[in-house]
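Colleague: Please take me through one part of this model at close range: the core and the packing around it. Keep it brisk, and give the cut-offs as you go.

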Amino acid sequence: MYLCKTVEKEMKDKKQESQDSKRYKVPAWVDKSVMPEEDLCPDCFKAVGVKSRYKLICCLGKMKEGGTVSVLTKHLGLQQPTVTHHLQVLRSIDAVHVEERGRERIYKLNREAHCFEECKIPY
Ligand SMILES: [Zn+2]
């Protein structure tokens with residue numbers, strides 16, 4: 001049993017309004033064909049609730065060796081501060097980690113993160 005299933009059951013046992021405040025609908029841009037969850041816990045919603053942040057996850061998912069902010073910026077066609085901000089949010093929920101390689105900072109998807117392991121967010 002996945003953690004989020006457990007949480008979901010607990011929520012159902014509680015009042016309806018608390019369920020509404022703690023579960024989020026999977027956004028339309030998340031690939032539902034490989035997404036078994038029907039709704040998301042707050043952390044997972046934080047990860048994919050913004051379309052470009054989900055795109056960033058998908059982009060990092062394809063980069064086995066990770067990537068720098070400038071490489072990610074080029075791939076996504078976003079402003080660098082936007083990418084930096086999304087990476088900070090993803091770090092705050094442990095979805096990415098950073099490796100210092102010389103003067104460069106390499107961002108990698110943390111495939112063991114809750115979002116990917118338990119809520120099965122596809123990337
Ligand atoms: Zn979750």
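**The core and its helices**

Modeller: Leaving out residues up to four places away in sequence, Cys44 touches Cys115, Cys119 and Ile121. Touching, or contact, means C-beta atoms within 7 Å, with those atoms placed from the backbone. Bear in mind that this is a predicted model: local features need pLDDT of at least 70, side-chain atom pairs count only at pLDDT 80 or more, and totals for chains, interfaces and linings use all residues. Residue numbers start from 1 along each chain as its sequence is written.

Cys44 belongs to the largest nonpolar core, which has 25 residues. Such a core is a set of buried Ala, Val, Leu, Ile, Met, Phe, Trp, Tyr and Cys residues joined through C-beta atoms within 7 Å. Buried means 20 or more other C-beta atoms within 10 Å of the residue's own; 12 or fewer is exposed, and anything in between is partly exposed. Cys44, Ala47, Val48 and Ile57 touch the most other members. Helix 3 (42-48), helix 4 (51-62), helix 6 and strand 4 (104-109) each give two or more residues to this core.

The order from the N terminus is α-α-β-β-α-α-α-α-β-β-α. The protein has 123 residues, and 24% of them count as buried. Take the contacts between residues at least 6 apart in sequence: 48% join residues at least 24 apart.

Start with helix 5 (residues 69-76) and helix 6, which pack at about 110° with axes 9 Å apart. Axes here are lines fitted to C-alpha atoms over the stretch in contact, and angles run from 0 to 180 degrees between N-to-C directions. So helix 5 is roughly perpendicular to helix 6. That label covers 65 to 115 degrees; under 35 is roughly parallel, over 145 roughly antiparallel, and the rest oblique.

Next, helix 4 and helix 6. Their axes come within 10 Å and cross at roughly 75°. These two are therefore roughly perpendicular as well. Ser52, Arg53 and Leu56 make the contact from helix 4, and Thr82, Val83, His86 and Val89 from helix 6. The classes are three nonpolar, three polar and one charged.

Last, helix 4 and helix 5. Their axes come within 11 Å, at a crossing of roughly 115°. That makes helix 4 roughly perpendicular to helix 5. Helix 4 passes helix 5 in a right-handed crossing. On the helix 4 side are Ser52, Lys55, Leu56 and Cys59; on the helix 5 side are Leu72, His75 and Leu76. Here the classes divide into four nonpolar, two polar and one charged.

Stay with Leu72 in helix 5. It counts as buried because it has 22 C-beta neighbours inside 10 Å. Beyond four places in sequence, Leu72 touches Leu56, Cys59, Gly67, Val83 and Tyr107. Tyr107 is 35 residues from Leu72 along the chain, and their C-alpha atoms are separated by 9.2 Å.

Two backbone details are worth checking. Asp94, a residue other than glycine, has a positive phi near 65°. Asp94 lies in the loop between helix 6 (80-92) and strand 3 (96-101). Asp94 counts as partly exposed because it has 14 C-beta neighbours inside 10 Å. Lys120 also has a positive phi, near 60°, and is not glycine. Lys120 sits in the segment after helix 7 (114-117). With 14 other C-beta atoms within 10 Å, Lys120 is partly exposed.

One more pair to find on screen: Lys22 and Cys41. They are 19 residues apart along the chain, with C-alpha atoms separated by 6.4 Å. Lys22 lies in helix 2 (residues 16-22). Lys22 is partly exposed, with 17 C-beta neighbours inside 10 Å.

Key
Helix = DSSP H or I, 4+ residues; strand = E, 2+ residues; numbered from the N terminus. Contact = placed C-beta atoms within 7 Å. Nonpolar A, V, L, I, M, F, W, Y, C, P; charged D, E, K, R; others polar. Left-handed = near helix turned anticlockwise from the far one by under 90°.
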